Amino acid sequence: MTAAGLTIRVDPATPVPPYEQIRQQFADLIAVGRMREGEKLPPVRQLASDLGLANNTVVRAYRELESAGLVHSRRGSGTRVAAVASGPDAATRLADHARHFAVAARNLGVTDEDALAALRHALATPDG
């Protein structure tokens with residue numbers, strides 16, 4: 001799903017639940033400044049439809065973002081990015097993603113070499 005030049009994807013093959021994939025992608029976009037204070041997130045129904053998910057999946061992702069203080073929702077005016085206090089730096093976020101990748105690789109039962117090869121391939125891919 002692409003909105004305002006940003007792409008949100010859900011990978012059904014990963015053990016990470018779809019709502020968490022959505023939450024993490026929006027949290028990252030906000031953290032790196034690709035989505036700024038006051039910017040509107042896609043409507044729940046639109047995002048759910050675009051991703052082929054149930055509305056409640058997107059609602060949960062947005063609720064988690066709101067609980068973290070990253071967005072605020074108002075009935076009738078949608079969900080918008082909140083003012084964000086300084087959060088973890090890029091190195092901390094990268095380490096967090098690396099941990100998630102390592103857990104996923106272990107759950108798939110792949111070797112370290114295969115996991116690293118997959119990561120190198122993803123880094124070499126333009127959308128990677």
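Q: What makes up the protein chain, in helices and strands?
A: This is a predicted model, and its protein chain has 5 helices and 4 strands. Reading from the N terminus, the order is β-β-α-α-α-β-β-α-α.

Q: How much of the protein chain is made up of buried residues?
A: Of the 128 residues, 25% are buried. The cut-off for that label is under 20% relative accessible area.

Q: What share of the contacts in the protein chain join residues at least 24 apart?
A: Take the contacts between residues at least 6 apart in sequence: 52% of them join residues at least 24 apart.

Q: Why are H2 and H3 called oblique to each other?
A: Helix H2 covers residues 44-51 and helix H3 covers residues 55-67, and they pack at an angle of about 120°. Roughly perpendicular runs from 65 to 115 degrees and roughly antiparallel needs over 145, with the rest counted as oblique. An angle of about 120° falls in that remainder, so H2 and H3 are oblique. Their axes are 8 Å apart, and the crossing of H2 past H3 is right-handed.

Q: Which residues meet where H2 packs on H3?
A: H2 brings Val44, Arg45, Leu47 and Ala48, while H3 brings Asn55, Val58, Val59 and Tyr62. Sorted by type, the residues of this contact come out as 6 nonpolar, 1 polar and 1 charged.

Q: Which residues does H1 use to meet H3?
A: On the H1 side you'll find Pro18, Tyr19, Ile22, Arg23, Phe26 and Ala27. On the H3 side they meet Thr57, Val58, Arg60, Ala61, Tyr62, Glu64 and Leu65. That contact divides into 9 nonpolar, 1 polar and 3 charged residues.

Q: What makes Arg23 count as buried?
A: Arg23 sits in helix H1. Its relative accessibility is 18%, and the label needs a value under 20%, so Arg23 counts as buried.

Q: Which residues does Arg23 touch, and which side chain is joined to Arg23 by a polar contact?
A: Not counting residues up to four places away in sequence, Arg23 touches Ala61, Glu64 and Leu65. The side chains of Arg23 and Glu20 are joined by a polar contact of 2.6 Å, which sits within the 3.5 Å limit for such a pair.

Q: How do you know that Thr79 is buried?
A: Thr79 belongs to strand S4, residues 78-81. With a relative accessible area of 10% against a cut-off of under 20%, Thr79 is therefore buried.

Q: What is Thr79 in contact with?
A: Leaving out neighbours within four places in sequence, the list is Glu39, Lys40, Leu41, Tyr62, Val71, His72 and Ser73. With Ser73 there is also a side-chain polar contact of 2.9 Å, and the cut-off there is 3.5 Å.

Q: Why is Ala31 called partly exposed?
A: Ala31 lies in helix H1. Buried needs a value under 20% and exposed one over 50%; Ala31 has 41% relative accessibility, so Ala31 counts as partly exposed.

Q: What makes Arg93 count as buried?
A: Arg93 is in helix H4, residues 90-108. The value for Arg93 is 16% relative accessibility, and buried means under 20%, so the label holds.

Q: How many residues apart in sequence are Arg93 and Ala31, and what is their C-alpha to C-alpha separation in space?
A: Arg93 and Ala31 are 62 residues apart in sequence. In space, their C-alpha atoms are 9.2 Å apart.

Q: Why does Leu116 count as partly exposed?
A: Leu116 is part of helix H5, residues 112-124. At 42% relative accessibility, Leu116 falls between the 20% and 50% cut-offs, so partly exposed is the label.

Conventions:
Residues are numbered from 1 along each chain as its sequence is written. This is a predicted model: local features need pLDDT of at least 70, side-chain atom pairs count only at pLDDT 80 or more; totals for chains, interfaces and linings use all residues. Side-chain values use heavy atoms; hydrogens and water are left out. Axes are lines fitted to C-alpha atoms, for helices over the stretch in contact, and angles run from 0 to 180 degrees between N-to-C directions. Helices (H or I, at least four residues) and strands (E, at least two) are DSSP runs, numbered from the N terminus. Angles under 35 degrees count as roughly parallel, over 145 as roughly antiparallel, 65 to 115 as roughly perpendicular and the rest as oblique. A crossing is left-handed if the near helix is turned anticlockwise from the far one by less than a right angle, and right-handed if clockwise. Contact means heavy atoms within 4.5 Å. Ala, Val, Leu, Ile, Met, Phe, Trp, Tyr, Cys and Pro count as nonpolar, Asp, Glu, Lys and Arg as charged, and the others, Gly among them, as polar. Buried means under 20% relative accessible area, exposed over 50%, partly exposed in between (1.4 Å probe, protein chains only). A polar contact is a pair of N or O atoms within 3.5 Å; within protein, one must be able to donate a hydrogen and the other to accept it, and residues adjacent in sequence count only if both atoms are side-chain atoms.
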